[in-house]
Amino acid sequence: MERAQIRAARALLGWSQEDLAQASGVSVPTIKRIEPGHGTLKATDDVQAKIERAFVGAGIEFIASDEFSSSGGMGVRVAVTDDYTRLRTLQRRLSEANQALQAASRLTTDGHLHEAVMEARSALFNAIPLVSQAVDREYQRLAEDDRPPRE
């Protein structure tokens, strides 16, 4: 991943460095340190993976310099996905978040932190059925149009 790709991806999403830090779990000082300049990103594999996951999860596709593109060279673009695929991705992420919050609730001993984790689990628990209903509706709509959903 190139430094310019990070800046371009943030620009496409309208994200600040703080937004990227929050989405990736990488600290703001680290983002500010690694982003400026040109060339390959100088960061640990873990940091690079977190940043890439955050962007890909937000719908960014990275184009490597050796991949085909109409103008050549590396870059980023907004990935084209259908509503069903986006909803299924959201459904999977909610499930992963629920599992992480379950694990956190078992590990927390601080009363205030435990309460915050339980409130987050409650909000997530209420969101999961809504997303599942939206997935089902979109699947039905695609079936009625004789277009199988892409998984």
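Me: What makes Lys-50 and Asp-46 a salt bridge?
Reply: The closest N and O atoms of Lys-50 and Asp-46 are 3.6 Å apart, and a salt bridge needs a side-chain nitrogen of Lys or Arg within 4 Å of a carboxyl oxygen of Asp or Glu, so the pair counts. The model is predicted: local features need pLDDT of at least 70 and side-chain atom pairs pLDDT 80 or more, while totals for chains, interfaces and linings use all residues. Residues are numbered from 1 along each chain as its sequence is written, and side-chain values use heavy atoms, with hydrogens and water left out.

Me: Where do Lys-50 and Asp-46 lie?
Reply: Both are in helix α4, 4 residues apart, about one turn of the helix. Helices (H or I, at least four residues) and strands (E, at least two) are DSSP runs, numbered from the N terminus.

Me: Why is Lys-50 called partly exposed?
Reply: Its relative accessibility is 27%. Buried means under 20% relative accessible area and exposed over 50%, with partly exposed in between (1.4 Å probe, protein chains only), so Lys-50 is partly exposed. Asp-46, at 44%, is partly exposed too.

Me: How do you know that Arg-77 and Glu-61 form a salt bridge?
Reply: Their side chains meet at 2.8 Å, N to O. Arg-77 is in strand β2 (residues 75–78) and Glu-61 in strand β1, 16 residues apart, so the pair links distant parts of the chain. Arg-77 is partly exposed at 37%, and Glu-61 is partly exposed at 29%.

Me: Why is the pair of Trp-15 and Phe-55 called stacked?
Reply: The ring centres are 5.6 Å apart and the planes 25° apart. Rings of Phe, Tyr and Trp (its six-membered ring) pair if their centres lie within 6.5 Å; planes under 30 degrees apart count as stacked, over 60 as edge-to-face and the rest as tilted, so this pair is stacked. Trp-15 lies in the loop between α1 and α2 and Phe-55 in helix α4, so the pair ties together parts 40 residues apart in sequence. Trp-15, Phe-55 and Phe-62 form one aromatic cluster.

Me: What makes a set of residues a nonpolar core?
Reply: The members are buried Ala, Val, Leu, Ile, Met, Phe, Trp, Tyr and Cys residues joined through side-chain atoms within 4.5 Å. The largest such core here has 16 residues, and Ile-6, Leu-20, Ile-31, Ile-51, Phe-55 and Ile-60 touch the most other members. Helix α4 gives the most to this core, with 4 residues.
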